[in-house]
Every structure is written in C-alpha cells, then in structure tokens.
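This report describes selected features of one protein structure, namely its salt bridges and one of its pockets. The sequence and the structure are shown first.

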Amino acid sequence: AVDYRRINPEDISHVTEFVIQGLRPDLYPLHLSQTKIRSACEFFMKSQADFHLAAFEGGKMVGGIAVHVAEMLWFQRSEAHVVMFFATVPGVGFKLLRAAMQWVHGHIGIRRVLWPLEDDAPSQRMQRIAARRFGFNRSQQVLLFYKE
C-alpha cells in the first residue's frame with residue numbers, strides 16, 4: 001500500500017535523490033546543486049505556508065508534489081507554483097495532484113496556480129485531465145531560454 005504523508009528529517013537524503021531523479025538532469029541543460037535541492041526539501045518540510053506531500057511504498061519514495069505560494073507582483077493575492085511533481089507508480093501522481101488542489105481550494109488568498117509541464121510531457125492529455133478533474137481553466141505557452 002502507498003503511504004501519503006509529509007516528509008520528516010529522516011527522509012531528507014532519500015527525498016533529495018528522488019527530486020534529482022524527477023528533474024531528469026540528462027534532458028535539460030541545467031547545473032544541479034544537490035545542496036540547493038536538499039535546502040529546498042528542508043524548506044518544504046518546515047513550511048506551514050506552502051504545500052508538499054510525498055508517497056512512499058515499502059519505505060521507498062514513489063511520488064511527490066511541492067507547491068510554493070508567493071505574493072503576486074501586481075495583485076493583492078498570491079499564486080501557487082507547482083515546483084516539484086513526479087511519480088514513478090501509476091495512480092500516485094493523480095492522488096498527489098488531487099491533494100494539492102484540495103489544499104489550494106482551501107486557501108482563499110491563492111488566486112492562480114502555475115504548473116509548468118516538462119518538454120516531453122503529454123501536454124494535451126495532461127491539460128484535459130487538469131481541466132476536467134481539477135478545474136484548470138486556462139493555459140499559456142511559456143518561452144524559455146537556457147544558457148548552455
């Protein structure tokens with residue numbers, strides 16, 4: 001059975017490795033800092049203003065989602081950024097996203113949710129699921145420049 005819970009200090013090393021796997025550094029021209037990733041994991045573990053949820057099966061991490069809340073630059077409310085969302089077991093990602101969106105709906109100050117998709121994500125399928133199941137009602141293209 002899959003156990004869904006917040007991470008704790010004993011999980012940090014394993015979670016850091018899982019996040020790096022989810023970032024798929026072989027596909028993107030990024031220079032990863034394990035120290036920064038570990039610090040981000042510790043930040044989410046302690047934060048009460050942001051959301052995270054991890055999925056463990058047999059003691060092994062099989063999914064995770066982290067949502068960071070930031071004040072909107074031009075408006076009086078906040079926006080939530082999906083900064084990590086990765087699962088290796090079918091169905092786990094759906095449950096993680098459902099929990100995150102329930103959390104978002106419970107916070108009246110959050111006006112917008114930003115969820116960037118990976119380059120190779122099945123984006124049309126994911127947009128349909130996001131719209132039908134979770135109420136995502138807009139999309140836009142984001143242009144990126146990576147300095148290599």
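Arg38 and Glu42 are both part of helix H2, where they lie four residues apart, about one turn of the helix. Helices (H or I, at least four residues) and strands (E, at least two) are DSSP runs, numbered from the N terminus. The two residues form a salt bridge in which the closest N and O atoms are 3.5 Å apart; the term denotes a side-chain nitrogen of Lys or Arg within 4 Å of a carboxyl oxygen of Asp or Glu. Arg38 is partly exposed, at 34% relative accessible area, and Glu42 is likewise partly exposed, at 27%. Here buried means under 20% relative accessible area, exposed over 50%, and partly exposed in between (1.4 Å probe, protein chains only).

The model is predicted: local features need pLDDT of at least 70, side-chain atom pairs count only at pLDDT 80 or more, and totals for chains, interfaces and linings use all residues. Residues are numbered from 1 along each chain as its sequence is written, and side-chain values use heavy atoms, with hydrogens and water left out.

## Other salt bridges

By this rule the count comes to four salt bridges. In one of them, Arg112 pairs with Glu79, the closest N and O atoms being 2.5 Å apart. Arg112 belongs to strand E5 (residues 110-114) and Glu79 to strand E4, so the pair ties together parts that are 33 residues apart in sequence. Arg112 is partly exposed, with a relative accessible area of 37%, whereas Glu79 is buried, at 11%.

Between Asp11 and Arg5, the closest N and O atoms are 2.6 Å apart. Asp11 is buried, with a relative accessible area of 10%, while Arg5 counts as partly exposed at 25%.

## The second largest pocket

The second largest pocket has a volume of about 250 Å³. Among the 17 residues that line this pocket, Val19, Cys41, Phe44, Ala66 and Met84 are the closest to its centre. Two or more lining residues come from each of helix H1 (12-23), helix H2 (34-46), strand E2 (51-57), strand E3 (60-71) and strand E4 (78-87). A pocket is an open set of points, on a 1 Å grid over the protein atoms alone, where a 1.4 Å probe fits, with protein on both sides within 12 Å along at least five of seven lines; lining residues have an atom within 4 Å of a point. Grid points are joined across faces, edges and corners, and a volume is the space filled by probe spheres set on the points.

The lining comprises 15 nonpolar residues, two polar and no charged. Ala, Val, Leu, Ile, Met, Phe, Trp, Tyr, Cys and Pro count as nonpolar, Asp, Glu, Lys and Arg as charged, and the others, Gly among them, as polar.
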